[in-house]
Structures are given as structure tokens and as C-alpha cells.
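Please read the following note alongside the sequence and the coordinates. The points begin with one side chain and its partner and then widen to the whole chain.

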Amino acid sequence: MIDLAVDLHTTLWTVNEAAEAAGVTPNVVHNWRYRGRLQIAGRDRQGRPLFRAIDVIRAEKATREKARRSYSAIAA
């Protein structure tokens, strides 16, 4: 269980922690990074990427908002 009662600006999460906090799979976190929605904030001892908690939450929010966006059909 991820503790969200921390300083979200300084807390760093692994891919798995970020995925758990955002309610997505680790592959989604990798996709956010690949698409430029999430930047690496550091590396752990094994060289794996770490992400700022606030950035993960913002990426999840942006993805959720984009998914709910609707487009009206344009009649030609």
C-alpha cells in the first residue's frame, strides 16, 4: 500500500509504486515516460528509474481527463 500522506514533491516512487498509486499497470507508467508525460527524477541503487510522486499523479490525471474528453461528430 502506497502512503499518499507524504510530501508529493520530494517523494520518489519506483515504477511499481507509481503504478500502484495511480491504479494502473507498470506498463502504463513506462508508456507515460515514453510519451513524455512523465520524467525520470532519479535512479535507485540498481539503476532503475524513480519518479516524483506529484508527477505520477499529474500524469494519471491528464490521462484520465483525456480519456473522458468527447468529440462531437462533424457533419460534412
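Predicted model: local features only at pLDDT ≥ 70, side-chain atom pairs only at ≥ 80, totals over all residues.

1. Lysine 61 has a relative accessibility of 43% and therefore counts as partly exposed, a class that lies between buried (under 20% relative accessible area) and exposed (over 50%), with a 1.4 Å probe and protein chains only. The side chain of lysine 61 meets that of glutamate 65 in a salt bridge, with 3.1 Å from N to O; a salt bridge here is a side-chain nitrogen of Lys or Arg within 4 Å of a carboxyl oxygen of Asp or Glu. Glutamate 65, at 42% relative accessibility, is likewise counted as partly exposed.

2. Residues are numbered from 1 along each chain as its sequence is written, and side-chain values use heavy atoms, with hydrogens and water left out.

3. Lysine 61 and glutamate 65 both belong to helix α3 and stand 4 residues apart, about one turn of the helix. Helix α3 covers residues 53–68 and also holds glutamate 60 and arginine 64, again 4 residues apart and about one turn of the helix. The side chains of glutamate 60 and arginine 64 form a salt bridge at 3.1 Å from N to O, and arginine 64 is partly exposed, with a relative accessible area of 35%.

4. Which partner does arginine 48 meet in a salt bridge? The partner is aspartate 44, at 2.8 Å from N to O. Aspartate 44 is buried, because its relative accessible area is 17%, whereas arginine 48, at 48% relative accessibility, counts as partly exposed. By the rule in use, the count comes to 4 salt bridges, among them the pairs described in these points.

5. As to the overall architecture, the chain has 3 helices and 3 strands, arranged along the sequence in the pattern β-α-α-β-β-α. These elements are DSSP runs numbered from the N terminus, with helices being H or I of at least four residues and strands E of at least two.

6. Of the 76 residues of the chain, 28% count as buried. The accessible surface of the chain comes to about 5,700 Å², and 50% of this belongs to carbon and sulfur atoms, the areas being from the Shrake-Rupley method with a 1.4 Å probe. Among contacts between residues at least 6 apart in sequence, 43% join residues at least 24 apart, where contact means heavy atoms within 4.5 Å.
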